[in-house]
Amino acid sequence: SREIKDIIFWGCMMLVFSGLACSLNIVANRMAAKVSSGFAENMRRDLFNHIQGLPLEFFDKRKTGEIMSRFTNDINRVSDLVSSNFPSLISSVIQAVMTITIMIVFSWKLTLTITVAIVLMFAVVLVITAKCSPLFKAQQKAIGEVNGYTEEYIKGIKVVKLFCHEEKTKEAFSVLNENYRKIGVKANIIGGFMSPLMSMITRVNYAIVVVLGAHFVLTGEMSVATLITYLDKSKSYASPIVSIAS
């Protein structure tokens, strides 16, 4: 029957697209591993060369540990972005485009509701990112201050011991460490709203699609097999979008 042929055809298409996405993901991961290593190496070299030309005033206003944090924490974060997140971004974009394209082919009318959901998702991303970005920047600055104070303390440990300032240094370190903890908690709590909100949007949209799809089946605009396949794809379209947002 026509319905069975449709199921077989679209099933084969899904296998082809899945195999293509997997192959591209493997290639992207290999490329990212090479690129991230070279990227981190170039960044460290450029940063080191840049520091050589900075005036003494720059070093007078900053602690050694804070500067060292640029070479370790900051560059490692960027390197992780290139090696881990970038391949995921590529595969997520491909998966999202493929999924939505298939959904449009099945039913452009139902896909209009998906478009509204996607717009809402990106609105959530923009709002949460606007609130999180300053906090994560402050978090990196805070860990730099912790590293700076730690390096300063270790270098001057003899002076601290000589004048019995152990308790004062403990208190000062606790203040910096607690500040880093508070900023990190606040940033991650706000960032944690993204996934639940997107999940809620996806579930509401899925319910709308089920109702509209059932209506199209009853009116003869869509077969049951097509609706079932469409509903299956409508469950997975949000996953790559969440990855892109993250």
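Entry 1: I began with Phe-106, which counts as buried because its relative accessibility is 14%, and the cut-off for buried is under 20%. I noted for myself that this is a predicted model.

**Entry 2: its partner.** I then looked for the ring that pairs with Phe-106. The rings of Trp-10 and Phe-106 have centres 4.7 Å apart. Their planes stand at 50 degrees, so I put the pair down as tilted. Trp-10 is buried too, at a relative accessible area of 18%. I checked where the two residues sit: Trp-10 is in helix H1 and Phe-106 is in helix H3, 96 residues apart. The pair thus joins distant parts of the chain.

**Entry 3: other rings.** How many aromatic pairs are there? I got three. Phe-9 also belongs with the rings above, as ring pairs link Phe-9, Trp-10 and Phe-106 into a cluster. Elsewhere I found Phe-58 and Phe-59, with ring centres 5.3 Å apart. Their planes are at 85 degrees, so this pair is edge-to-face. Phe-58 is partly exposed, with a relative accessible area of 24%. Phe-59 is partly exposed as well, at 29% relative accessibility.

Entry 4: H1 covers residues 2-52 and H3 covers residues 64-106. Their axes come within 9 Å and cross at roughly 160 degrees. Are they roughly parallel or roughly antiparallel? Angles over 145 degrees count as roughly antiparallel, so H1 and H3 are roughly antiparallel to each other. The crossing of H1 past H3 is right-handed. I also sorted the residues of this contact: 25 are nonpolar, seven are polar and two are charged.

**Entry 5: cysteines.** How many disulfides does the model have? The count is zero. I wanted the reason, so I took Cys-12 and looked for the closest cysteine sulfur, which is in Cys-22, 18 Å away and too far for a bond. A disulfide needs the two sulfur atoms within 2.5 Å. Cys-22 is accordingly in no disulfide either, with the sulfur of Cys-12 as its nearest.

Key
Residues are numbered from 1 along each chain as its sequence is written. This is a predicted model: local features need pLDDT of at least 70, side-chain atom pairs count only at pLDDT 80 or more; totals for chains, interfaces and linings use all residues. Side-chain values use heavy atoms; hydrogens and water are left out. Axes are lines fitted to C-alpha atoms, for helices over the stretch in contact, and angles run from 0 to 180 degrees between N-to-C directions. Helices (H or I, at least four residues) and strands (E, at least two) are DSSP runs, numbered from the N terminus. Angles under 35 degrees count as roughly parallel, over 145 as roughly antiparallel, 65 to 115 as roughly perpendicular and the rest as oblique. A crossing is left-handed if the near helix is turned anticlockwise from the far one by less than a right angle, and right-handed if clockwise. Ala, Val, Leu, Ile, Met, Phe, Trp, Tyr, Cys and Pro count as nonpolar, Asp, Glu, Lys and Arg as charged, and the others, Gly among them, as polar. Rings of Phe, Tyr and Trp (its six-membered ring) pair if their centres lie within 6.5 Å; planes under 30 degrees apart count as stacked, over 60 as edge-to-face and the rest as tilted. Buried means under 20% relative accessible area, exposed over 50%, partly exposed in between (1.4 Å probe, protein chains only).
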